[in-house]
Amino acid sequence: MPKAPSANPTRPALRRNQACRSCRKRKLKCDAARPHCGTCVKQWQALVSVPAPVGYAHPTEPQCSYDPVDGLRLAPDTDPVEKIKELEEQIAELKSKLYEKQTILPSPPNASRSTPPSNAVGTESRQSDTGGIALPSLNLMTLIDPDTPDSRFRSSLSPELQNVNVRSNADQFMDLLFSGWNPDLPDPATLNHYIDVFFRCDPCGSRVLHKPSFMASMHLSPRDPGFPHSAVLHAICAAASRWSSQNIVTLPDGTRRDQFAEFHASKTRQYIDKTMASGEDIFSVMQACTLLSWYFYQEGRWVEVWIFAAFQTRVAVPLRLNYPGTFSTHGNSSPGAYLAPPKDLRDLESRRRTWWMTIIFDRIASVGGWIHAVDERDIGTELPLRTEDFESETQLPSNPQDISSPDIFTRHPSQYTDSFLLLIKAVMLFGRVTDFNVRGNLRAPTPPSKNQNPFFLPGFTELDKLVYSDFLDSLPPIFRNNTGIVDGPNGSSLDTDLYMVHIIPHAATITLHNPYIDFADPGNVSTMRCLHAARCILSACYALNATSMDITRLHPFVTICWYLAAVVQVQLCKYFIEVNDSEESTVWGEINVLRFAMMEYGQRSPIGTRQERLLQGLMREIVRMTAQKQPLEVGVPLYPFSHTTLFRKDQPPSAPTEEGSSTAPLPVSPPYEQHSLPGRMPAGHSVSPGGTTWPLGSPITNNYGV
């Protein structure tokens, strides 16, 4: 039988020993392609398509080599240590020659453009104060042409970091690269500044990292395995840039865009894509993904939020982070964990916190009515330890509570309770409300309406009792009587986690009862629940506005809570307009208070601006219906405060005027007090206590009687 013609009959046959060594050894066909033959490339691609086992790394290129060719000298087999020493000597020799040449040649004409201003704060003193990185001082802005695009993003233009004592540009650049520093990162002093800002200001991602060990690892050489992963450092730069901004661009819709943060966010995504293909450094990159997710949430970029919420949860499951102890060894029918067992308590707690921040993000991203990526029944990880125990690495038994504990929302052991743990419980409680609404509407023949009594629905009464009163009433006294705002001798302080713990249950109450509101029915319980919850959220906003604290430090989920409270007020305002009630102007003022809070938050986080514009879309109907001449300017109890006056008690801020107002005019009205909004609840109606007492304006006595 004749042989079939070859696919490439014109290619000459290979001579002896022309095939690569790997193909000859395995007796495979070889096309002798350089630098790697086709057979070796296909086998290498098949190998790297599967994640490498623990402790093993796939080769970076096909293992394909050829015999020596006449006239081509192969590199001799040398000891890697000797080769490194040889390269070090060559680098030192080249540096000395380059330095000699620099001293002979005149200085370049553009050297004056890279000279930092003389009145800026020195870097050496800042490094001594904040525990600077033990690396050569360098501002990469002096090494990159100022006209290039990357020069705007790789280094900061913050005045307090510009005065860097530089030697020769080339000499320092060689020092930094020789140390293994990632050239895409800012210079060490600037990066150290952003890390400090991140741990002081960020209310989300900073909960994942162990601050003491992280700051200590920054003193290591960049080549050291213990040095933080570049993906985490890029994500920190993107998150911290919100409080130390530069290169801000205002988009046509009025939102801000930080180009420096965008650059580092794109670098983080590159590391994420690389890990998705190779599986290398998967846990560190997952932590970076968590930090980046909260950055996208604060930016109000919902597409990235939903994509990253799904990505994080799916990556965490093969890592076995949803198992008790974040590791599982039993179950022969299921694949083993991708990660090795935790090395120590710090590693174990870091995994727990990464997992719970992933679940919190999933619950918050699903508030709009989406099903969750991971069901509660699939979460076996115990709750983390307190933050102080985590940072001090106190040897404590694991938290006895997990999400399946029957009293998870009503029992709070003192040794395992702090504001962060209560925040986890509050968000998970909100998640149960989302689950109830989504699953109830999934197969319901008709949508919920105000004519329906929700208390006849299975499980509604128990969930309502838990959300409306039981959770807040069960808080330990030290947390129940403290709303997160503390007045001290040195000024006010704000616990952002505890502040959110006191308003998230009220936002969950609105989400649970809002479809059943009927203002025309005086006995409608859902109406009373929503009005009380909106008053509590509004009172919390008043209490914060009465201080000089920076509201942009709050958790970004606060904008959703403000929005939900404003929706109830818009519905109430519409009813007052229809019945011609004189309380309409008061409700307009309260709506504008929440609008102002969103816009103030949007000065640093675009999610505030986006939520305020979404609220304006809901207000179009009542704006057309109202008889008020300027409804967006009615009676706003505005306190003259700003983040620029934080901790500056000697200069009281000036009140804004109508002529000088910005996007939406918000005139000043008398300060909000408890008697400024008289109680409108008839004697026959009572409201259940919500467990929260705010410093200004009790929400219980300021409910509307409908």
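Begin by selecting helix 14 (residues 419-442) and helix 15 (residues 460-473), which pack at an angle of about 155° with their axes 11 Å apart. Helices here are DSSP runs (H or I, at least four residues; strands are E, at least two), numbered from the N terminus. Axes are lines fitted to C-alpha atoms, for helices over the stretch in contact, and angles run from 0 to 180 degrees between N-to-C directions. The packing angle therefore makes helix 14 roughly antiparallel to helix 15 (under 35 degrees counts as roughly parallel, over 145 as roughly antiparallel, 65 to 115 as roughly perpendicular and the rest as oblique).

The model is predicted: local features need pLDDT of at least 70 and side-chain atom pairs count only at pLDDT 80 or more, whereas totals for chains, interfaces and linings use all residues. Residues are numbered from 1 along each chain as its sequence is written, and side-chain values use heavy atoms, with hydrogens and water left out.

Helix 14 contributes Leu-422, Lys-425, Ala-426, Leu-429, Arg-432, Val-433 and Phe-436 to the contact, and helix 15 contributes Phe-460, Leu-463, Leu-466, Val-467 and Phe-471 (contact means heavy atoms within 4.5 Å).

**Charges over rings**

Select Arg-529 and Tyr-468: the charged end of Arg-529 sits over the ring of Tyr-468, 4.0 Å from its centre. The criterion is NZ of Lys or CZ of Arg within 6 Å of the ring centre and within 35 degrees of the ring normal. Then move to Arg-34, whose charged end sits over the ring of Tyr-66, 3.7 Å from its centre.

**Aromatic pairs**

The structure holds 18 aromatic pairs. Rings of Phe, Tyr and Trp (its six-membered ring) pair if their centres lie within 6.5 Å; planes under 30 degrees apart count as stacked, over 60 as edge-to-face and the rest as tilted. Select Tyr-194 and Phe-260, a stacked pair with 5.1 Å centre to centre and 20° between the planes. Tyr-194 lies in helix 6 (residues 188-201) and Phe-260 in helix 9 (residues 259-278), so the pair ties together parts 66 residues apart in sequence. Tyr-194 is buried at 0% relative accessibility, and Phe-260 is buried with a relative accessible area of 0%. Buried means under 20% relative accessible area, exposed over 50%, and partly exposed in between (1.4 Å probe, protein chains only).

Continue to Trp-294 and Phe-361, an edge-to-face pair with 5.0 Å centre to centre and 80° between the planes. This pair links Trp-294 in helix 10 to Phe-361 in helix 12 (residues 345-365), 67 residues apart. Trp-294 is buried at 2% relative accessibility, and Phe-361 is buried at 1%.

Gln-298 is found in helix 10 (residues 282-299) and is buried, with a relative accessible area of 1%. Beyond its neighbours within four places in sequence, Gln-298 is in contact with Asp-202, Pro-203, Arg-242, Trp-243, Pro-556, Tyr-601, Ser-605, Pro-606 and Ile-607. Finally, select Thr-190 in helix 6, which is also buried, with a relative accessible area of 1%. The C-alpha atoms of Thr-190 and Cys-237 are separated by 9.6 Å, although these residues are 47 residues apart along the chain.

**The whole chain**

Zoom out to view 21 helices and 4 strands. Of the 706 residues, 50% count as buried.
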